Amino acid sequence: NDLSLNNIAYIDTGLSSHGYSFSSDDKYIDYLIDLNMNIARQGCKLQVKVKPHPISRKNYLEKKLSENNIEILGNTNFVDDLRKCCACITEPSTLGIIPSIMGLPLFLTRIDPLNSLLYGDVFTSYPRAMFLHLPDQFKTLLLKEREDVNYETVSKWIKSNAGALPAD
């Protein structure tokens, strides 16, 4: 992918609405603001895809994140928006498969308090997937992954997990 791109997609799964890792949406927003600041110090920009249910949560999160200069990724142009990203950070969400099928580096977040999240084989077997425990390691991990990536292995993974492409 284009080395000049500095957008990083973040895929939310709605964990804060269940109280699983965050006691409130406000705590989750604080987590994303902190992550965004850390990513910005590394020359990148976080863009968040908010889970759409319930709609009141989605509207609240989008408003708060926008107020803190964090761009929101919508549904309509999601794939096009991902094409403008150099990587994706995801919580365990089926939506996280899309950047994988596109061949993007995929960071499986294990940033505190999400350090115990479980990811299925489809994520952990993806050749460009790696766990992100500390946000300040993002750029170092990304650059190392770019040096080590085997595109033939990635293509085989995509073919065996996505079926015929392009999918509409």
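This is a predicted model: local features need pLDDT of at least 70, side-chain atom pairs count only at pLDDT 80 or more; totals for chains, interfaces and linings use all residues.
**The whole chain**

Zoom out and show the protein chain as a cartoon. The chain has eight helices and six strands. Read from the N terminus, its elements follow the order β-α-α-β-α-β-α-β-α-β-α-β-α-α. The C-alpha trace spans about 40 × 35 × 30 Å along its principal axes. The radius of gyration is 15 Å, which agrees with the value near 15 Å for a compact globule of 168 residues. Of these 168 residues, 46% are buried. Among contacts between residues at least 6 apart in sequence, 64% join residues at least 24 apart.

The six strands make an open sheet with parallel pairing, in the order 3-2-1-4-5-6. Go to the edges, where strand 3 (71–72) and strand 6 (129–132) are found. Each of these two has a single partner strand, so one of its sides has no neighbour in the sheet.

Next select strand 5, residues 106–109, together with strand 6; four bridges join these parallel strands. Leu106 is opposite Ala129 of strand 6, and Thr109 is opposite Leu132 of strand 6. On the other pairing to view, three bridges connect strand 4 (residues 85–90) with strand 5, again in parallel. Here Ile89 has Phe107 of strand 5 as its bridge partner.

Are the faces of strand 5 covered or open? Both are covered: Leu106 and Leu108 on one side, and Phe107 and Thr109 on the other, are all buried.

**The core**

Stay with Ile89 and show its surroundings. Leaving out residues up to four places away in sequence, Ile89 touches a list of residues that includes Ile8, Tyr10, Leu35, Ile39, Phe107, Thr109, Leu132 and Phe138. Ile89 is also one of the residues with the most contacts inside the largest nonpolar core, along with Ile8, Tyr10, Tyr31 and Phe138. That core has 47 residues. Helix 2 gives the most to it, with seven residues.

**The aromatic cluster**

Finally, show the rings of Tyr10, Phe22, Tyr28 and Tyr31, which ring pairs link into a cluster. The model has eight aromatic pairs, counting rings whose centres lie within 6.5 Å. Start with Phe22 and Tyr28: their ring centres are 5.0 Å apart and their planes are at 70 degrees, so this pair is edge-to-face. Then move from Tyr28 to Tyr31, where the pair is stacked, with 5.9 Å centre to centre and 20 degrees between the planes.

How far apart are Tyr28 and Tyr31 in helix 2? They are three residues apart in this helix (residues 25–41), which means a separation of about one helical turn.

Tyr28 is buried at 0% relative accessibility. Phe22, at 5%, counts as buried, and so does Tyr31 at 7%.

Key. Residues are numbered from 1 along each chain as its sequence is written. Side-chain values use heavy atoms; hydrogens and water are left out. Rings of Phe, Tyr and Trp (its six-membered ring) pair if their centres lie within 6.5 Å; planes under 30 degrees apart count as stacked, over 60 as edge-to-face and the rest as tilted. Buried means under 20% relative accessible area, exposed over 50%, partly exposed in between (1.4 Å probe, protein chains only). A nonpolar core is a set of buried Ala, Val, Leu, Ile, Met, Phe, Trp, Tyr and Cys residues joined through side-chain atoms within 4.5 Å. Contact means heavy atoms within 4.5 Å. Two strands pair if DSSP finds at least two bridges between them. The radius of gyration is taken over C-alpha atoms; the globule rule is 2.2 Å times the number of residues to the power 0.38.
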